[in-house]
Amino acid sequence: MIDVDDPRPLAKPARSPQDGLSPRDFDRLAAIIESQTGIRMPPAKRTMVEGRLRRRLRTLGLPDLNAYCRHVLDGGGLDGELVGLIDAVTTNKTDFFREIDHFRYLMGTALPALSRLPHHPGRDRPLKIWSAACSTGAEPYTVAMLLLEQERAGMPIRHEIVATDICTEALATARMGIYPADMARMVPEPFASRYLMRSRDPEDATVRLVPAVRQSVRFGRLNVMDPAYPVATDMDVIFFRNILIYFDKTTQKTVLEKLCGHLRPGGCLFIGHSETITNMDLPLKQAGSAIFIRN
Ligand SMILES: C[S@@+](CC[C@H](N)C(=O)[O-])C[C@H]1O[C@@H](n2cnc3c(N)ncnc32)[C@H](O)[C@@H]1O
């Protein structure tokens, strides 16, 4: 029996060697992950992958990672586990108004420039925006809030926002539009008071987006490694931020070429500030920090 008055910390149960991934199993899983998602898994990521996959054990009723590997790698369980494996290894960090100068550029420079194109987007046809690695939705919802503000200011822009990601768990959160309250700190006024609802229950540390914001974005699962993308080929704006860092140079170029095929001439591509696409020979010209215009 545990003596509750005993101040000594409880000893952690010893981990058996089977608790980790053998180098061979790690390499096999890494090869599957990279071929399916493009995400590089160098040996340095082994501890991270082990931690993420341990969360799958309970769901699958498996005792340890060795059993997981035998199930997935040797027991024919890969097809059934692929979505769970991918969900586990993707990194979904995001924030509202992340890399805010992109949103300033969108509203202050890109939209006025697009409005000078033939068939003025937002007036003669909907402005089409695609967030192509949207994670839990903060990025496309930030755009939705900005366009709702534009409408409040009496300058409505007819628009369609599509948001896609490979991670089904991130997409489920995105569709609900409920976030930990500390994510609200990134939402400046007046957006926070207009578009975020706080619970009346002081114990409830979440915020919820108002229906007008949630209804502005259409979410879907899309793997950018797929040979073709079932989205429009005349996007005005594509956000593809903070995902290139996970890919090797060849994959980056292949994916970016496909994305360019979905961007209309004069359209705008945003990548993450820590990402570069130099020397890739893409039909893009740089217009700002991590901002590119389709030729
Ligand atoms: C770090 S988040 C970036 C979210 C958002 N774009 C931002 O900058 O805040 C990277 C996202 O890329 C997604 N991702 C990774 N590989 C992908 C793939 N092959 N196809 C589509 N999405 C992918 C992950 O699931 C994750 O949600």
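I will talk about the pockets and then about some salt bridges.

First, a word on the source: this is a predicted model, in which local features need pLDDT of at least 70 and side-chain atom pairs count only at pLDDT 80 or more, while totals for chains, interfaces and linings use all residues. Residues are numbered from 1 along each chain as its sequence is written, and side-chain values use heavy atoms, with hydrogens and water left out.

Let me start with the pockets, where a pocket is an open set of points on a 1 Å grid over the protein atoms alone, at which a 1.4 Å probe fits, with protein on both sides within 12 Å along at least five of seven lines, and where lining residues have an atom within 4 Å of a point. The largest pocket has a volume of about 370 Å³, a volume being the space filled by probe spheres set on the points, which are joined across faces, edges and corners. Its lining has 26 residues, and those nearest the centre are Thr91, Ala133, Asp165, Asn242 and Ile243.

The second largest pocket has a volume of about 220 Å³, and of the 14 residues lining this pocket, Leu111, Ser115, His120, Gln150 and Ile157 are the closest to its centre.

Now to the salt bridges, of which the structure holds 17, each being a side-chain nitrogen of Lys or Arg within 4 Å of a carboxyl oxygen of Asp or Glu. In one of them, the side chains of glutamate 50 and arginine 46 meet at 3.6 Å, N to O. Glutamate 50 counts as buried, at 11% relative accessibility, whereas arginine 46 is partly exposed at 30%; here buried means under 20% relative accessible area, exposed over 50%, and partly exposed in between, with a 1.4 Å probe and protein chains only.

Which residue forms a salt bridge with arginine 125? The partner is aspartate 236, with the closest N and O atoms 2.9 Å apart. Arginine 125 lies in the loop between helix 5 and strand 1 (127-131) and aspartate 236 in strand 7, so this pair ties together parts that are 111 residues apart in sequence; helices (H or I, at least four residues) and strands (E, at least two) are DSSP runs, numbered from the N terminus. Both partners are buried, arginine 125 at 13% relative accessible area and aspartate 236 at 0%. Finally, salt bridges that share partners join Arg125, Lys128, Asp234, Asp236 and Arg264 into one network.
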